[in-house]
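I opened the notebook to write down a few things looked up in this structure. The entries follow in the order I made them.

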Amino acid sequence: MADASVQPLIEVSVRRRPEKIHDIVVASVGGQGGILATRILATLFLNLGWQVKTSEVHGMAQRGGSVETHVRRGRVVYSPLVPRGEADALLALEQLEGLRYLPWIRPGGAVVCSSERIPPVTVTLGGQHYPEHVRETLEQRAGFLVWVDALGIAREAGNVRAANVALLGALSALMEAPAEAWHEAISAHLPAGARPVNLEAFRVARELTLARVGG
Amino acid sequence: MAQEAPTEEAVVLLSGNEAIARGAYEAGVTVAAGYPGTPSTEVIETLARYPDIWVQWSPNEKVALEMVIGASFAGARTLVAQKHVGLNVAADPFLTFCYMPTNGGTLIVSADDPGMHSSQNEQDNRQYGRMARTPVLIPADSQEAKSFTEAAYELSEQFQTPVILRSTTRVSHGRSLVRVGSRRQPRPPRFERRPQDLVMLPANARRRHPLVEQRLDALRVYAEDCPLNRVEPGSTELGFVTGGVAYQYVKEAFPEAPVLKLGLAYPIPSELIRRFAARVRYLFVVEEGDPFWEELILAAGVKVLGMGVAGPAVFPRVGELSVEKVRAAVRAFLGTGSTAFPLPGAHPGAGAALTTEASAGGAAPPPPAAGAPAAGQACTREDSATPEPGPGEELPGRPPVLCPGCPHRAVFYVLAKYHLTVTGDIGCYTLGYAPPFHSIDTCTCMGSSIGHALGLEKALGPDFARRLVGVIGDSTFVHSGITPLIDMVYNRGTGTVIILDNGTTAMTGHQGHPAAGWDARHHSAPRIDLEALCRACGVRDVQVVDAYDLRALEKAIKAATAREEPSVVIASRPCVLLPGVRKPPIRFLADRCIECGACFRLGCPALEKEGKRPRLNEVLCTGCLVCVQLCKPGALLAPEEE
């Protein structure tokens with residue numbers, strides 16, 4: 001699957017390998033599946049025996065707005081919200097949202113970001129500019145960046161809607177949990193019919209990232 | 001995605017709302033009702049997945065509570081769930097029900113929304129406990145959401161009072177681990193006639209009111225030893241009284257500090273607080289919403305630092321709290337930005353400030369310590385605890401928008417085209433406020449559109465009504481639009497009401513309602529005919545039009561506003577997010593585009609602006625064909641017939 005086309009499906013910029021990932025912020029656009037990704041992470045941590053807390057936002061923000069969810073694990077977890085500047089990892093399903101929630105990661109934190117761009121209405125109709133060089137900015141500020149063509153991976157796996165799970169595949173390469181634990185958590189949240197495509201997207205992203213990071 | 005409700009003992013990850021439902025199920029609840037509203041909706045949705053409970057969406061919260069009170073009279077354990085502003089709608093039955101004995105335990109779930117993620121205000125419904133003299137419980141996570149719910153039924157039956165469970169967005173929509181167990185067998189229901197207690201005539205209510213006050217006194221005694229309150233010892237001279245999700249923020253920001261956690265938010269345990277206060281040098285009260293505890297604690301004669309009811313304002317009075325805000329506020333008050341936990345004695349400036357405050361009896365805020373921020377500014381200095389500003393500050397915003405294919409879009413296009421004044425209402429369509437329509441001029445609460453329209457007409461004269469419409473969703477109309485429509489007819493208004501009928505309560509995630517045709521369990525249900533209902537209210541001019549048909553909409557709205565009598569236009573199309581509504585995307589033939597920009601006036605996210613031309617986003621387009629009707633040169637086309 002790892003082809004040598006002009007735009008690789010996954011690129012990794014490493015300054016420092018993240019040690020442990022406990023607090024994760026998931027940034028997405030309403031409807032992209034950010035909440036589902038958060039719930040899969042929570043189930044994974046739960047199954048691994050951790051205390052887990054998540055925070056979601058429902059309602060009006062889900063109508064195409066910017067959606068921010070949090071998931072935390074630990075022996076004891078108090079706040080369901082990761083304090084700003086303290087997240088170990090940011091999982092961004094869209095470029096601009098990755099940039100928006102960048103201040104949530106701690107110095108040296110990891111960013112796993114989709115290369116997908118969804119211009120908000122303020123850009124498509126409001127005359128504002130979609131930021132350029134998002135990847136470079138993330139690279140400068142994050143200790144570790146995985147830049148993922150999540151749509152491309154999901155499309156190849158069979159459905160663009162699996163992009164969120166593809167990103168989890170990339171994130172999984174930075175964490176110690178075994179692939180089987182991820183499969184179990186992903187399967188717990190998907191109807192049987194959607195599992196093969198999602199697990200394939202997960203596998204491809206995980207393997208490509210591992211190949212670049214070094215397992 | 002919906003996980004099956006576990007039936008055996010297990011530890012599971014639940015949202016606060018799911019945990020409330022679980023607690024109610026285990027407590028043996030048999031009747032539950034509510035009206036959807038973020039962040040409360042999943043309580044009823046989850047209960048609808050359990051067997052052996054009557055669960056319903058009611059037309060509104062008042063109706064839901066009245067129904068539940070009836071079930072309580074019969075001895076059933078009952079639950080009613082709503083968002084904070086929903087309890088305003090139900091306040092009428094609630095504030096009299098609290099005079100009456102609850103036979104079956106009754107829990108009133110109020111999900112408050114500090115920070116207004118999806119609400120029009122951030123009222124603090126602990127206040128209703130004080131008004132009604134009923135206990136208020138506030139859980140801090142999902143486990144407490146469940147166990148407090150179970151405790152609430154015992155409390156309700158022991159003290160013969162309804163109990164409020166006040167959740168907030170971060171508890172309702174946070175997930176954490178919950179130990180679940182088995183269901184308690186409900187008692188057999190029985191209705192006993194006791195009209196002297198259940199008929200609130202003045203004579204009976206006068207007899208009941210002293211009992212309510214006695215009950216409150218008994219609850220105050222109970223509060224002192226209530227197992228839902230607890231003292232967590234610590235090693236610092238700073239102490240915190242807190243509860244709800246704010247407790248989590250305090251624990252994370254100051255893990256070494258002693259904490260008095262209030263699970264019973266009302267009435268408060270004054271003696272317990274007094275004893276706790278004596279053990280610490282500075283006592284902070286950290287609460288989300290109003291300075292509710294702060295006022296009660298001060299009234300009990302205990303000096304406490306909070307939002308500045310008496311003395312400096314340490315914590316913000318608006319918005320949500322967070323770990324960062326709590327940490328920054330306390331540090332700012334103590335006059336240090338250092339990361340080490342400051343001992344008060346080590347900072348003479350801070351100590352002096354507190355002494356000044358204490359000795360002045362809170363008459364005036366003290367001057368800030370040298371080099372330290374003024375304590376009163378704490379709420380605006382939250383970023384002192386955050387990393388240097390990221391690029392986020394200049395980024396284009398991403399506000400929520402009407403979905404591609406939303407059936408409200410064409411209506412707002414017409415309203416904007418004719419520059420009509422629009423009184424709006426609560427629902428997805430409030431987004432008609434946003435560009436490019438700028439079409440909502442007022443929005444207050446559920447059902448307000450119609451009353452506001454009549455009021456504008458009465459103040460400005462019937463000519464104004466020729467350029468005025470009220471817009472209201474189908475669910476909102478059934479919730480509280482019917483009576484103002486009758487008001488408009490009865491009081492000789494001549495306004496136009498547009499019912500945006502998408503067949504569901506869309507904003508909260510597509511719940512059924514009386515005009516939708518399905519119930520809380522998604523079973524087919526009797527469907528109220530909106531057209532016939534409007535006619536029965538006395539509106540003679542009722543038109544039903546296809547909400548995707550621009551020409552028909554324009555004609556109907558022009559005719560309706562012109563008529564000098566009340567008129568209703570029902571713009572009908574199912575919400576595009578409902579299963580089976582989406583259609584294949586349209587086509588865009590770029591060589592036909594004359595760059596007129598007409599399509600952009602729809603503000604559809606599927607038509608992205610590329611220079612002066614649209615770029616069709618085929619993933620987003622739902623094939624509603626509204627833009628096709630606007631494209632004169634035929635560059636935007638319906639998909640080819642197979």
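Entry 1. I looked up what Glu252(B) touches in this predicted model. Leaving out residues up to four places away in sequence, I listed Arg72(A), Tyr78(A), Ser79(A), Pro83(A) and Glu86(A) from chain A, and Val323(B) and Arg327(B) from chain B.

Entry 2. Where does Glu252(B) lie? I found Glu252(B) in helix α11 of chain B, which covers residues 245-253.

Entry 3. Is Glu252(B) buried or exposed? Its relative accessibility is 18%, and buried means under 20%, so I noted Glu252(B) as buried.

Entry 4. I then took chain B as a whole. I noted 22 helices and 22 strands in chain B. Of its 642 residues, 60% are buried. The accessible surface comes to about 25300 Å², and carbon and sulfur atoms hold 55% of it. I also looked at contacts with a separation of 6 or more in chain B: residues 24 or more positions apart account for 73% of them.

Entry 5. I turned to a helix pair in chain A. Two packed helices are described by the angle between their axes and the distance between the axes. For α1(A), residues 34-47, and α6(A), residues 163-172, I wrote down an angle of about 40° and axes 9 Å apart. The two helices are therefore oblique to each other. Their crossing is right-handed.

Entry 6. Which residues meet between α1(A) and α6(A)? From α1(A) I listed Leu36(A), Ala37(A), Ile40(A) and Leu41(A), and from α6(A) Asn164(A), Val165(A), Leu168(A) and Leu171(A). I sorted the residues of this contact into seven nonpolar, one polar and no charged.

Definitions and conventions:
Residues are numbered from 1 along each chain as its sequence is written. Chains are lettered from A and ligands numbered from 1 in the order in which they are written. This is a predicted model: local features need pLDDT of at least 70, side-chain atom pairs count only at pLDDT 80 or more; totals for chains, interfaces and linings use all residues. Side-chain values use heavy atoms; hydrogens and water are left out. Helices (H or I, at least four residues) and strands (E, at least two) are DSSP runs, numbered from the N terminus. Buried means under 20% relative accessible area, exposed over 50%, partly exposed in between (1.4 Å probe, protein chains only). Contact means heavy atoms within 4.5 Å. Accessible areas come from the Shrake-Rupley method with a 1.4 Å probe; for residues, only the protein chains shown count as cover. Axes are lines fitted to C-alpha atoms, for helices over the stretch in contact, and angles run from 0 to 180 degrees between N-to-C directions. Angles under 35 degrees count as roughly parallel, over 145 as roughly antiparallel, 65 to 115 as roughly perpendicular and the rest as oblique. A crossing is left-handed if the near helix is turned anticlockwise from the far one by less than a right angle, and right-handed if clockwise. Ala, Val, Leu, Ile, Met, Phe, Trp, Tyr, Cys and Pro count as nonpolar, Asp, Glu, Lys and Arg as charged, and the others, Gly among them, as polar.
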